[in-house]
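Please keep the sequence and the coordinates in view while reading.

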Amino acid sequence: MRIVLVGPPGAGKGTQAAYLAKNLSIPHISTGDLFRANISQGTDLGKQARAYMDAGQLVPDEVTIGMAKDRMAQSDAVNGFLLDGFPRNVGQAEALDVMLKDEGVKLDAVLDLEVPEEEVVKRIAGRRICRNDSAHVFHATYNPPKTEGVCDACGGELYQRDDDSEETVRTRLEVYHTQTEPIIDYYRAQGLVVTISALGKVTEVTARAMKALKSDKG
């Protein structure tokens with residue numbers, strides 16, 4: 001299957017992408033991984049992306065599209081893939097359509113993870129990270145430490161990252177609504193969108209997604 005995964009920040013896209021890709025035996029292709037791989041390998045696209053990032057500028061669509069095209073051409077993606085974070089806007093969605101048409105294939109589904117906005121704010125703004133080890137993550141509501149502000153694992157101080165503040169989360173949501181959400185309507189016009197609730201346990205959301213994808217495939 002060839003799937004695009006969309007949803008607002010805090011919807012759990014990365015987590016669900018990993019589970020779904022494993023269940024469907026297709027590679028999980030995320031924008032973050034594309035950038036890291038190209039930059040670390042010193043590819044021409046990676047060098048271009050690094051130059052824009054170092055200058056504090058957004059990486060142009062054509063660079064991101066080029067990275068995605070190269071990745072989708074690799075052998076493990078011949079029979080399918082799950083795209084996470086790409087396309088990020090309608091221009092990228094249109095470019096993806098052209099790429100797939102050139103290869104004689106098409107998308108099977110666009111999985112839309114739906115989460116109420118206030119839940120997104122609660123999920124992200126409640127995160128607390130250990131200063132000693134960023135792998136130790138807690139949540140003020142869903143996974144609180146035994147002692148407030150103290151990491152259960154090592155006793156380190158727990159803090160809220162600047163980009164997890166409520167103000168920043170709401171700004172990120174506005175960017176999502178403005179830039180990325182329009183691709184849902186773009187793909188809905190093609191009859192590709194499958195919307196599911198991303199509320200509940202991770203396993204419940206995965207099961208819901210798998211069922212919806214299978215139903216959509218008939």
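The lining of the largest pocket comprises 14 nonpolar, 13 polar and 10 charged residues, where Ala, Val, Leu, Ile, Met, Phe, Trp, Tyr, Cys and Pro count as nonpolar, Asp, Glu, Lys and Arg as charged, and the others, Gly among them, as polar. The model is predicted: local features need pLDDT of at least 70 and side-chain atom pairs pLDDT 80 or more, while totals for chains, interfaces and linings use all residues. Residues are numbered from 1 along each chain as its sequence is written, and side-chain values use heavy atoms, with hydrogens and water left out.

A pocket is an open set of points on a 1 Å grid over the protein atoms alone, where a 1.4 Å probe fits, with protein on both sides within 12 Å along at least five of seven lines; lining residues have an atom within 4 Å of a point. The largest pocket holds about 1,200 Å³ of space, a volume being the space filled by probe spheres set on the points, which are joined across faces, edges and corners. Of its 37 lining residues, Thr31, Gly32, Gly85, Arg88 and Thr180 lie nearest the centre. At least two lining residues come from each of β1 (2-6), α1 (13-24), α2 (31-41), α4 (61-72) and α7 (166-180), and α2 gives the most, with six. These helices (H or I, at least four residues) and strands (E, at least two) are DSSP runs, numbered from the N terminus.

The second largest pocket has a volume of about 470 Å³. It is lined by 20 residues, and Gly10, Gly12, Thr15, Arg123 and Val202 are the closest to its centre. Two or more lining residues are given by each of α1, α6 (117-125), β6 (137-139) and α9 (202-216), with the largest share, four residues, from α1. By class, this lining has eight nonpolar, eight polar and four charged residues.

Thr15 is placed in helix α1 and is partly exposed, because its relative accessibility is 38%; buried means under 20% relative accessible area, exposed over 50%, and partly exposed in between (1.4 Å probe, protein chains only).

The whole structure has one aromatic pair. The ring centres of Tyr186 and Tyr187 are 5.2 Å apart and their planes lie at 75°, so the pair is edge-to-face (centres within 6.5 Å, planes over 60 degrees apart). Tyr186 is partly exposed at 21%, whereas Tyr187 is buried at 0%. Elsewhere, Arg131 lies over the face of Tyr159, 4.2 Å from the ring centre (CZ of Arg within 6 Å of the ring centre and within 35 degrees of the ring normal).

Notes
Phe/Tyr/Trp six-rings, centres within 6.5 Å; stacked < 30°, edge-to-face > 60°.
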